[in-house]
Amino acid sequence: MLAPVTPPNATAHAGRAVAPKSRRTEGGVTDVELFAYDSADGARGALRDLRSAVKSKTCAAFRAGGMRYTGVAPRPAPDKGDEAVAYRIGSREESYVRRHSVVVVRDGSTLVSFAVKNFYDPQGVAAGEESREAGGGDVPGSAGADEEPVVPSTVVDAQLGKVG
């Protein structure tokens, strides 16, 4: 669900990045992907497969597109659409850990994926650097070194309002 390509059995795909209007607004860029299926049953099956994969120990780490992902773990899903799944996942980029939080909502025959990410500096935390200056540096992420990214509920609500 992180790749901007049409997954198996989906008939169409569209993706966009949603950013706050102001830099003062909490949160960063949210990647929004829509996947259309021929029927609600097709979308339901795809979400069922995703839910099973998130809970499976065999999918705790995998490779996709040259990137190795680890730390796959279910998260509490919002009560949105017909059903939803949420999970976290990580990958590495140089000395940073890239952390992703993903929420996937089914609305009829459409799956809508929302993904946010930040960079975590394990070496910086070990050295006692618990936060970085807001807006400082070229590394996106939250101000707190230990904060996991959170999919903004305002983005989820606004985008789901456009699907129906």
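1. Does Ser 101 count as buried or exposed? At 9% relative accessibility Ser 101 counts as buried, where buried means under 20% relative accessible area and exposed over 50%, with partly exposed in between (1.4 Å probe, protein chains only). This is a predicted model, in which local features need pLDDT of at least 70 and side-chain atom pairs count only at pLDDT 80 or more, while totals for chains, interfaces and linings use all residues. Residues are numbered from 1 along each chain as its sequence is written, and side-chain values use heavy atoms, with hydrogens and water left out.

2. Ser 101 belongs to strand 6, residues 96-107; helices (H or I, at least four residues) and strands (E, at least two) are DSSP runs numbered from the N terminus. A polar atom of the Ser 101 side chain lies 2.5 Å from the backbone oxygen of Pro 149. Beyond four places in sequence, the residues in contact with Ser 101 (heavy atoms within 4.5 Å) include Tyr 87, Phe 114 and Val 151.

3. Val 97 is also placed in strand 6 and, at 18% relative accessibility, counts as buried.

4. In helix 3 (residues 153-163), the buried residues are Val 155, Val 156, Gln 159 and Leu 160. Seen down the helix axis, these fall within an arc of 120 degrees, so they line one face of helix 3; the arc is that of the directions from the helix axis to the C-beta atoms. The face turned away from this buried side carries the exposed residues Thr 154, Gly 161 and Lys 162. Among the elements covering the buried residues of helix 3 are strand 6 and strand 7 (110-120).

Terms used
A polar contact is a pair of N or O atoms within 3.5 Å; within protein, one must be able to donate a hydrogen and the other to accept it, and residues adjacent in sequence count only if both atoms are side-chain atoms.
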